[in-house]
Amino acid sequence: MTASEEITPSRAVPEVWGDETEIAWAAVHAAARRITRPADPKTTARPASELAAEVGATITAGGLGATETLRIFEDVLAPATRAQDDPLNLAYVPAAPTIASRAFDATVSSFNIFAGTWEAGAGAIFAENEAIGWLIELLGWPDTAGGCFMSGGTIGNLSALVAARAYVRNKRGRDAARAIVCTHDAHSSIVAAARVMDADVILVEEDARGHLTGPAARAAIAEHEGVFAVVASAGTTNGGIVDDIGDLADVCEESDVWLHIDGAYGGAGLAAPSVRSRYDGVERAHSFIVDPHKWLFAPYDCCALVYRDVTLARAAHAQHAGYLDAIDREAWNPTDLAVHLSRRARGLPFWFSLAVHGTDRYVRAIEQTIATAREVAAGIAAMDTLEVLLEPELSVIIFERPGWAAEDYQRWSKRLAVEGRILCVPTVWQGRTTLRLVFVNPATRAEQVLDILRETTAPDHP
Ligand SMILES: *Cc1c(COP(=O)(O)O)cnc(C)c1O
């Protein structure tokens, strides 16, 4: 008798839903169709009123049934979303999940594992920790290190900073733990975390190359009482710039301040030999985040937060209540490591793909995107119409079209997005409107990007 046969239908299927077998197969087939077929790259967002007119009422007393509900989703609703994984989606930070990771995400959902506590999710948490273990190896951290997965970098940064503040408060009291140091280019989620925590943010000037430097952080710590954390970006979302981590580690050691590395976008670069030296000093940081849904080929939503000393995280985050006291606190409980309690095993799609493909392929895929960014930057530099303002440190390029104003960039960007040719969205860099490209997709071809840029920014182009 197999495990599935042991579960009698009367125990597994409540009568109220009827027989859901057909519904399950219909949904699984929809998943298979999307996983194996590329999505339309056109930007297709439209007003809710239009969608409502086309779809009609979806929540009804009698239910629409699976066939009709899936038709609505596949034919109307899903096409009104953007293909984040299109090779020519190069805006914000796009995504490029492997087919393995996307397919396994559906599998993970079907198991409905509670991965908050070891007691409920041991096997799944074990696998997540294998993936976290690879990150720990890349960071060069000792076996005191550990972490877990959560929804995104915003929650990852918040959780790390809460642990940082608890660490300094426990040592030096409340007043010694009031402020966070970072640059203007640090991600907006740092300011958001500080708002939630009612902490202050001391925004430090970057150097001419856009980096947070050791001397700047040292001066900020000396000038302001109560700095408990320095946030180093690796790299910044806007420019892909990696702060001077080694010097910042020196400064944080001197003053016993927590060093948090925000690698939500750029943390993947740790695995790439061609840029690894930019992260030197990371072995001395206290916490680190990376979003596998950005540059580590996993689907949404997934952030890995790792602490060099995981006991400091437990001290800050463990929740206690009468009904939770039965939890074995000696066991590995991801619940205790961040601002969350219930959680799906959202690290598993990343783990599965990493286990299936092996880390060598990951290194190759990351290096390939870096090479593409460099090739595109060189190609842009060679064009008469365009000028590179920031060479890629990792895989972001900032460039401009001399002669264009902000409206010209907007119009150009919108038109190409709606046509589905390329998604390249303007940004503001050093006070001016510019263009920005982010490369995380190994399927992106430099020549194709350059051809589109060359044609559409030519002076005689409509
Ligand atoms: C994207 C990003 C974040 C926020 O991550 P979410 O997953 O969107 O919450 C934080 N920091 C950096 C550097 C990022 O690029």
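A word on charge first: Lys and Arg count as positive, Asp and Glu as negative, and His and the chain ends are not counted. Each charge is placed at NZ of Lys, CZ of Arg, CG of Asp or CD of Glu. On that basis the chain has 40 positive and 61 negative charges, and their mean positions are 2 Å apart.

Some ground rules. This is a predicted model, where local features need pLDDT of at least 70, side-chain atom pairs count only at pLDDT 80 or more, and totals for chains, interfaces and linings use all residues. Residues are numbered from 1 along each chain as its sequence is written, and side-chain values use heavy atoms, with hydrogens and water left out.

Now the overall form. There are 17 helices and 11 strands in the chain; these are DSSP runs, H or I of at least four residues for helices and E of at least two for strands, numbered from the N terminus. The C-alpha atoms fill a box of roughly 70 × 65 × 40 Å along the principal axes. Of the 462 residues, 50% are buried, meaning under 20% relative accessible area with a 1.4 Å probe, protein chains only.

Which residues are buried in helix α11? In α11, residues 245-255, they are Ile245, Gly246, Leu248, Ala249, Val251 and Cys252. These buried residues pack against α10 (214-223), β4 (227-233) and β5 (258-262), with contact meaning heavy atoms within 4.5 Å. After α11 comes Asp256, with a positive phi near 50°.
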